[in-house]
Amino acid sequence: MALHLVDHPLIRHKVGLLRSYDISTSHFRTLSNEITRLLTYEATKDFATEKKTIKGWAGDVEVDCIKGKMVTVVPILRAGLGMMDGVFDMIPGAKASVVGFYRDEETLEPVQYYVKLANKIEERTALILDPMLATGGTLEATIRLLKDAGCKSIRGLFLCAAPEGVDRILKDHPEVDIYTAALDERLNDIGYIIPGLGDAGDKIFGTK
Ligand code: URA
């Protein structure tokens, strides 16, 4: 449906910290989850609530609760795992659907090597997690996989996005909402986001 650049002083500050070339693995992980909590807040803003009467300390009290919404997080292996706890902090009942792709060296197309979806995917809102929305190839494949499985409500959460990837997804899947903490300038010639964060997977997993 739209691109949501989640613009908030806390997010801008935390993204600034993420960009530091010598950030530690533990700080990168902590910040990724903190930002994801804020993205989750924004990406669930339209969830409907319903009234429920419960027993409070001074008698019956009417409270709001989320109405019949079932959520699945969909971390894209491996870097998406680094955002998963941020969603679980906000939506503890969410189930996880995990997907993995590698890039075919000849066709350059993403090839699925792992998928395990939550049950009742057709009734759930999917929150796809990937720190970087670069070319959009893997995201496009993930959206297609979810749609083929019957999922009707799909949103993507990113720490950093490139205009090239955003344009591709909005063109191919205009009903998908993209929530990103930063919208950067461009991709370089090897598909990295500039200025970006570097290799987010390496930073989250401490590999180099
Ligand atoms: N994946 C990354 O980890 N970083 C980028 O800049 C692009 C894709």
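**Ground rules.** I count residues from 1 along each chain as its sequence is written. Since I have a predicted model here, local features need pLDDT of at least 70 and side-chain atom pairs count only at pLDDT 80 or more, while totals for chains, interfaces and linings use all residues.

**The sheet.** I looked up the strand order and found an open sheet of 6 strands, β1-β12-β10-β8-β4-β5, with parallel pairing. Its edge strands, each pairing on one side only, are β1 (3-5) and β5 (95-96). For me, strands are DSSP runs of E with at least two residues, helices are runs of H or I with at least four, and both are numbered from the N terminus; two strands pair if DSSP finds at least two bridges between them.

**One pair in detail.** I followed β4 (residues 70-75) alongside β8 (residues 124-129): they pair in the parallel sense over 6 bridges. Opposite Thr72 I found Ala126 in β8.

**Helices on the sheet.** Helix α2 (residues 25-43) packs on the sheet and touches β1, β8, β10 (153-158) and β12 (177-180), with its direction at about 150° to that of β10. Helix α3 (residues 81-90) also packs there, touching β4, β5, β8 and β10, and makes about 160° with the direction of β4. Contact here means C-beta atoms, placed from the backbone, within 7 Å; axes are lines fitted to C-alpha atoms, for helices over the stretch in contact, and angles run from 0 to 180 degrees between N-to-C directions.

**The ligand.** I checked its surroundings and noted Met132, Tyr192, Ile193 and Asp199 among them.

How values were computed:
A residue is near a molecule or strand if its C-beta atom, placed from the backbone, lies within 6 Å of it. Two residues are in contact if their C-beta atoms, placed from the backbone, lie within 7 Å.
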